[in-house]
Amino acid sequence: MNVLLTLTTIAASVALAGQTRQLSMPPSFAEKLEPEAVLSAYPLGVIPKQAAFSHHGKALRTLILPNGKEGWVYQVGGKQAQTYQHPTREKHTVYETGPGNGVRTYTLMFDDKGVVIDVLYNEKGRHDGLTALQVQRKVRGDGTPRKDEGRDVK
C-alpha cells in the first residue's frame with residue numbers, strides 16, 4: 001500500500017512539473033508601446049488561455065472570428081473619464097472610448113487547444129491593422145511560416 005501511494009505521488013509530481021514549465025511572458029498591451037513592437041515580440045503557439053488571462057486580465061469581449069477560432073478583444077488608449085450624477089445624487093465615473101480617439105484594439109486568436117496562435121491589431125476599425133504573424137515574418141525577412149505557425153487555422 002505504501003509503495004502504491006509513493007508511486008502515485010511521484011507520478012503526480014512529474015506530471016505537474018511538466019505542466020508548469022516556464023512560459024515566455026508576452027508584452028503588455030500599453031499605449032506607450034508601438035504596435036509593431038508588441039506584435040513582433042508576442043510568443044505564438046505557447047501561451048495558453050490561463051496564462052493570457054493572468055497576464056492581460058479579463059478581455060473586453062470574446063468573439064468567434066471569421067475562421068471559426070475564439071478571440072479575446074482588448075482595447076488600450078483613448079479612454080476619457082466622464083462623471084455622471086445619478087438621480088439619487090450619487091456620482092459615477094466611467095471611462096469611455098470611441099472610434100478615432102486613439103483606441104488600439106488587440107485580439108488574441110486561440111487554436112482549438114486554447115493556445116494563442118495570432119494577435120490581430122486594429123486602430124481605426126476593421127481590416128486596417130496588422131497581425132503578429134505578418135510582423136514576425138517581416139522581421140525574419142521571409143514570407144514562409146515556421147513549421148508551427150498558423151497551425152489549426154482554416
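**Close-up views of a predicted model**

View 1. R89 has a relative accessible area of 66%, and because the cut-off for exposed is over 50%, R89 counts as exposed. The model shown here and in the other views is predicted. R89 belongs to the loop that links β3 (80-85) with β4 (91-96). Its phi is positive, about 75°, although R89 is not a glycine.

**View 2. Strands β1 and β2 run antiparallel.** Strand β1 covers residues 61-64 and strand β2 covers residues 70-76. The two strands are joined by 4 bridges. Within this pair, T62 stands opposite W72, a residue of β2.

**View 3. The hairpin of β1 and β2 has 5 residues between its strands.** Which residue in this hairpin takes a positive phi? It is G68, with a value near 90°.

View 4. The protein has 154 residues, and 31% of them count as buried. Its exposed surface comes to about 10400 Å², with 55% supplied by carbon and sulfur atoms. How much of the contacts with a separation of 6 or more comes from residues 24 or more positions apart? Such residues account for 49% of those contacts in the protein.

Definitions and conventions
Residues numbered from 1 in each chain as written. Predicted model: local features only at pLDDT ≥ 70, side-chain atom pairs only at ≥ 80, totals over all residues. Heavy atoms only, no water. Buried < 20%, exposed > 50% of the residue type's maximum accessible area, 1.4 Å probe, protein only. Contact = heavy atoms within 4.5 Å. Areas by Shrake-Rupley, 256 points an atom, 1.4 Å probe, with all protein chains shown as cover. Pairing = 2+ DSSP bridges.
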